[in-house]
Amino acid sequence: MKILADILEEETRIFNELPNSYTKSLEKVIEWRDVTYKELEEITLLNEKTIRRIVNGETNGSIESLILICLALNLPPMISNHIISKSPHSLNLNNKDHQWYNFVLT
């Protein structure tokens, strides 16, 4: 079992290796978490093809899609925030739905 210090060190390492592209960041964390697109489909209820298109940059998806993917990957808040901040979407904390999205990501 990993101790907390090891987990934090690994998360920080991954965060520091994330590119500025949200799609490349998604690729990196999917690989890091060792999750298949099919598994993401089952967890998020998003179509596997849709997930692939988001990760490949063929579509921007939606803020909801990105939130679902981040949650499915059980990403730390700093990594989720990086991905969302680099995407074409942003959290508007004046929007009640977005307040909930922010809450579940932290």
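This is a predicted model: local features need pLDDT of at least 70, side-chain atom pairs count only at pLDDT 80 or more; totals for chains, interfaces and linings use all residues.
1. The buried side. Tyr 37, Leu 40, Glu 41 and Thr 44 are the buried residues of helix 3. Viewed down the helix axis, they fall within an arc of 105°, so they line one face of the helix.

2. The cover. Helix 2 (22–33), helix 4 and helix 5 (63–72) are among the elements that cover the buried residues of helix 3.

3. Packing on helix 4. Two packed helices are described by the angle between their axes and the distance between the axes. Here the axes of helix 3 (residues 37–44) and helix 4 (residues 48–55) come within 8 Å. They cross at roughly 115°. That makes helix 3 roughly perpendicular to helix 4. The crossing is right-handed.

4. Who makes the contact. Helix 3 contributes Tyr 37, Lys 38, Leu 40, Glu 41 and Thr 44. Helix 4 contributes Glu 48, Ile 51, Arg 52 and Val 55. By class, the contact has four nonpolar, one polar and four charged residues. Note Glu 41: this residue is buried, and it takes part in the contact with helix 4. Tyr 37, Leu 40 and Thr 44 are likewise buried and in that contact.

5. After the helix. Leu 45 follows helix 3. Its phi is positive, near 65°.

Definitions and conventions: Residues are numbered from 1 along each chain as its sequence is written. Side-chain values use heavy atoms; hydrogens and water are left out. Axes are lines fitted to C-alpha atoms, for helices over the stretch in contact, and angles run from 0 to 180 degrees between N-to-C directions. Helices (H or I, at least four residues) and strands (E, at least two) are DSSP runs, numbered from the N terminus. Angles under 35 degrees count as roughly parallel, over 145 as roughly antiparallel, 65 to 115 as roughly perpendicular and the rest as oblique. A crossing is left-handed if the near helix is turned anticlockwise from the far one by less than a right angle, and right-handed if clockwise. Contact means heavy atoms within 4.5 Å. Ala, Val, Leu, Ile, Met, Phe, Trp, Tyr, Cys and Pro count as nonpolar, Asp, Glu, Lys and Arg as charged, and the others, Gly among them, as polar. Buried means under 20% relative accessible area, exposed over 50%, partly exposed in between (1.4 Å probe, protein chains only). The arc is that of the directions from the helix axis to the C-beta atoms.
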